[in-house]
Amino acid sequence: MAARKLAALFTAVLHLCLCQITPEPLPEFLAPLENHTVIQGRDIFFTCVVNNLHSYKVAWMKSDSRAILAIHTHLIAHNPRLSVTHNGHNTWKLHVSNVQKNDSGAYMCQINTEPMRSQNGYVEVVIPPDIIDDKSAEGMVTHEGGEIKLKCVATGSPEPTVTWKREDGRNIILREDGQKQSLKSYEGETLELTGVLRQEMGTYLCIASNNVPPTVSKRYSVQVHFSPVIKVTNQLVAAPVNSDVVLQCHVEASPQALNTWHQNTGEKLLPSEKYTMSEYALNEYSWQMNLTVNSLEKKDFGEYVCSSVNALGKADGIVRLQELHLVAKTTPGPFLKITDLKPRKKLISKGKKKSSNNNGRRMHIGGFEDFDSHGHDEDLGTTQIMAGSTLQEGHRTERPLVSPSLPPPWLNINTANSRHRLEQITLFLLILSMIFIL
């Protein structure tokens, strides 16, 4: 019995000695604390994994302010957007909902060992760009040649870049110290336009971007005021009676003008069966005026006045409408005409002769060999042909085969580039001539 007690005592002492020789292992982090870049308004959480925690505690702190946020699962900070969860083993999480700009900074997961053990994670809260409302966006107005200053203030994190462009894609015109620049875009909060012309009026876009979606833009309206100007492209228009005719005037004005049509008597024209009026915009400051006069009569011819008036002035343009006389087409009389064909120089053969009567007159008859069967280009031209003879007072009167005078009305032949048809015509004329001679 005494021996048993002695053995138990020895065992206890041995265990105590062993405990002092091999101390309990200290807590350790199994993974680093993550970093976050988050858009304002979204949710994030940090994860802290610790082994061998034993009786130690895990705490969460905001490093830059040294404020304690939570210990173990107990929340210390009075912030409804913060919360802590534990999986019952070795993982603790700090949740931040609806992240705001002031949530940016370093966060610490800490173990209360001696000395303290900790690790840090970082949060960067980024904010999409936004453009502050400015009354100048509602419309800036200047007279032609004046100045306009457009200002676009944008917020966001990181700080946005402001770029100006024209909505219609045209270049921005900048003038400074007598120098003129034409730019596709301009960077800067303030856009100054000097010596503004009517072509520069329109909508300008302020675009703010900081690589955080979405990029935003705002429209700025630029108005340039000037008195009306009228251009008449066709000052003289001719049309026949009973037709419809359209008269046109091109108007430039800002602010928009009141456009009307008048006759030269000063009478204002109104829409009716006789007159149809229309106009359509070419751009922000120019319009096309159209006046259609239907079923023209003699009394409709004369001067028409297009008129344009706004608060800065008035302009007129004149279109003269005159009658167009149509010439009736005439039909040419019947005569023999061979187009684009020249006769051979020796149309009549000298080698063939025949006595015609007692008066010693001779008739020259040409054969086919007198024509160039190859149809060279130099033989082409225009020739008029007559044939035949008549009997007068008992004797024959010869008529030449080829004559510059008009041919009989019953023969009207048009041949072009056709040698075969020419041979047929020649044979026909020769036979006809021989019949008359005999």
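**Close-up views of a predicted model**

**View 1. Glu-147 sits in a loop between two strands.** Glu-147 is found in the loop that runs between strand E11 (140-143) and strand E12 (148-151). Strands here (E, at least two residues) are DSSP runs, numbered from the N terminus. This is a predicted model, where local features need pLDDT of at least 70, side-chain atom pairs count only at pLDDT 80 or more, and totals for chains, interfaces and linings use all residues. Residues are numbered from 1 along each chain as its sequence is written, and side-chain values use heavy atoms, with hydrogens and water left out. Is Glu-147 buried or exposed? Glu-147 is exposed, at a relative accessible area of 61%. For these words, buried means under 20% relative accessible area, exposed over 50%, and partly exposed in between (1.4 Å probe, protein chains only).

**View 2. Glu-147 belongs to a patch of negative charge on the surface.** Gathered there are Glu-147, Glu-176, Asp-177 and Glu-192. A patch takes residues with over 30% relative accessible area and no salt bridge, joining like charges within 9 Å and nonpolar side chains (Val, Leu, Ile, Met, Phe, Trp, Tyr) within 5 Å. In the counting of charge, Lys and Arg are positive and Asp and Glu negative, while His and the chain ends are not counted. The place of a charge is taken as NZ of Lys, CZ of Arg, CG of Asp or CD of Glu.

**View 3. Three isoleucines make a nonpolar patch on the surface.** They are Ile-68, Ile-71 and Ile-76, and together they have about 220 Å² of accessible area. Such areas come from the Shrake-Rupley method with a 1.4 Å probe, and for residues only the protein chains shown count as cover. Look for Ile-68 in strand E5 (residues 67-71). Ile-68 is partly exposed, with 40% relative accessible area.

**View 4. Cys-48 and Cys-109 are joined by a disulfide.** A disulfide is a covalent bond between the sulfur atoms of two cysteines; the cut-off used is a pair of cysteine sulfur atoms within 2.5 Å. How many disulfides does a search of the whole structure find? The search finds three. In this one, the S to S distance is 1.9 Å. The torsion about the S-S bond of Cys-48 and Cys-109 is about -75 degrees, so the disulfide is left-handed. Cys-48 lies in strand E3 (residues 44-51) and Cys-109 in strand E9 (residues 105-111), so the pair ties together parts that are 61 residues apart in sequence. Cys-48 and Cys-109 are both buried.

**View 5. Cys-152 pairs with Cys-206 in a disulfide.** Their sulfur atoms are 1.7 Å apart, and the link is left-handed, with -60 degrees about the S-S bond. Cys-152 lies in the loop between E12 and strand E13 (154-157), and Cys-206 in strand E19 (residues 202-209), so the pair ties together parts that are 54 residues apart in sequence. Cys-152 is buried, and Cys-206 is too.

**View 6. Cys-249 and Cys-306 form a disulfide.** The sulfur atoms of Cys-249 and Cys-306 lie 2.0 Å apart, and this link is left-handed, with -80 degrees about the S-S bond. Cys-249 is in strand E22 (residues 245-254) and Cys-306 in strand E26 (residues 302-310), so the pair ties together parts that are 57 residues apart in sequence. Cys-249 and Cys-306 are both buried. With the bonded cysteines of the protein numbered in sequence order, the pairing reads 1-2, 3-4, 5-6.

**View 7. Asp-103 meets Arg-81 in a salt bridge.** The closest N and O atoms of this pair are 2.7 Å apart. It links distant parts of the chain, 22 residues apart: Asp-103 is in the loop between strand E8 (91-96) and E9, and Arg-81 in the loop between strand E6 (74-75) and strand E7 (82-86). Asp-103 counts as buried, at 7% relative accessibility. A salt bridge here is a side-chain nitrogen of Lys or Arg within 4 Å of a carboxyl oxygen of Asp or Glu, and a search of the whole structure finds twelve.

View 8. Arg-198 lies in the loop between strand E18 (190-193) and E19, and Glu-252 in strand E22, so the pair ties together parts that are 54 residues apart in sequence. Arg-198 and Glu-252 are both buried. A network of salt bridges links Glu-144, Arg-198, Lys-231 and Glu-252.

Key
Helices (H or I, at least four residues) and strands (E, at least two) are DSSP runs, numbered from the N terminus.
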